[in-house]
Amino acid sequence: SAAQQPKLDIKFFLGFSETTYVAMLETGRERNIFPSYQIGFGPRLRWGKAFFEALFSFNRWVYEGVNPSLGGTETQVNSFELPFLAGYIPYKNPYFKWFVYGGFVNHFNTKIIVRREGQSSLRLKPTADNLAIYQAIARFGVNFDLAMFNFDLNYSISLNSATTTSYRTGYHQVQVNLAYVF
């Protein structure tokens, strides 16, 4: 009867990722890779061999470049995500659980912070740098619990353009997260 009872876990996580933007230009593809990190929390509901997660996270990625109107800059993009994930538990015992999952991620770019040497930072809306405010993203991953720790590796790909420009820009991200499970 214990296997029929749903189990609720709360996860607090932090991690690092690599975010790739691929612009489909007329002259060909242009890739830009940016380091990023994330921190978040949320519930995981397990029921038998199935589980469901909704992990709210705050994300930041950084890029450097030359903007004609701003000059040489370092730019930080703040965003938050609300993924809805579902998956299967192929193996579990009291100390180890293995999870395979996929799902849909709501990604919202909220703020851009532009820093120029010797000047105060500027805070801009995402559309000021041609970033889309909302992105629909598909995510696939694998994670495992080892006692009260969770290790997660996932891949995300955008379902719509990451920019507001006339050409399509794909969003790809690989995340590695470490979580504490209550």
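Q: Let's start with Gln173: buried or exposed?
A: Gln173 is buried, at 3% relative accessible area. Buried here means under 20% relative accessible area, exposed is over 50%, and partly exposed is in between, using a 1.4 Å probe and protein chains only.

Q: Before we go on, what are the ground rules?
A: This is a predicted model, where local features need pLDDT of at least 70, side-chain atom pairs count only at pLDDT 80 or more, and totals for chains, interfaces and linings use all residues. Residues are numbered from 1 along each chain as its sequence is written, and side-chain values use heavy atoms, with hydrogens and water left out.

Q: OK, which strand holds Gln173?
A: Strand 10, residues 169–181. Strands are DSSP runs of E, at least two residues, numbered from the N terminus.

Q: What does the side chain of Gln173 make a polar contact with?
A: The side chain of Thr19, at 2.9 Å. Another polar contact, 3.0 Å, links the Gln173 and Gln175 side chains. A polar contact is a pair of N or O atoms within 3.5 Å; within protein, one must be able to donate a hydrogen and the other to accept it, and residues adjacent in sequence count only if both atoms are side-chain atoms.

Q: Switching topic: which residues make up the largest nonpolar core?
A: There are 12 residues in it, including Tyr21, Trp61, Val105, Ile112, Ala162 and Tyr171. A nonpolar core is a set of buried Ala, Val, Leu, Ile, Met, Phe, Trp, Tyr and Cys residues joined through side-chain atoms within 4.5 Å.

Q: Where does the largest share of this core come from?
A: Strand 6, with 3 residues. There's also a second, separate core of 5 residues, with Leu85 and Phe99 among them.

Q: And what does strand 6 pair with over 13 bridges?
A: Strand 8 (residues 134–146), antiparallel to strand 6 (residues 96–115). Two strands pair if DSSP finds at least two bridges between them.

Q: Which residue takes a positive phi in the hairpin of strand 6 and strand 7?
A: Gly118, near 80 degrees; that hairpin has 6 residues between the strands.

Definitions and conventions: Helices (H or I, at least four residues) and strands (E, at least two) are DSSP runs, numbered from the N terminus.
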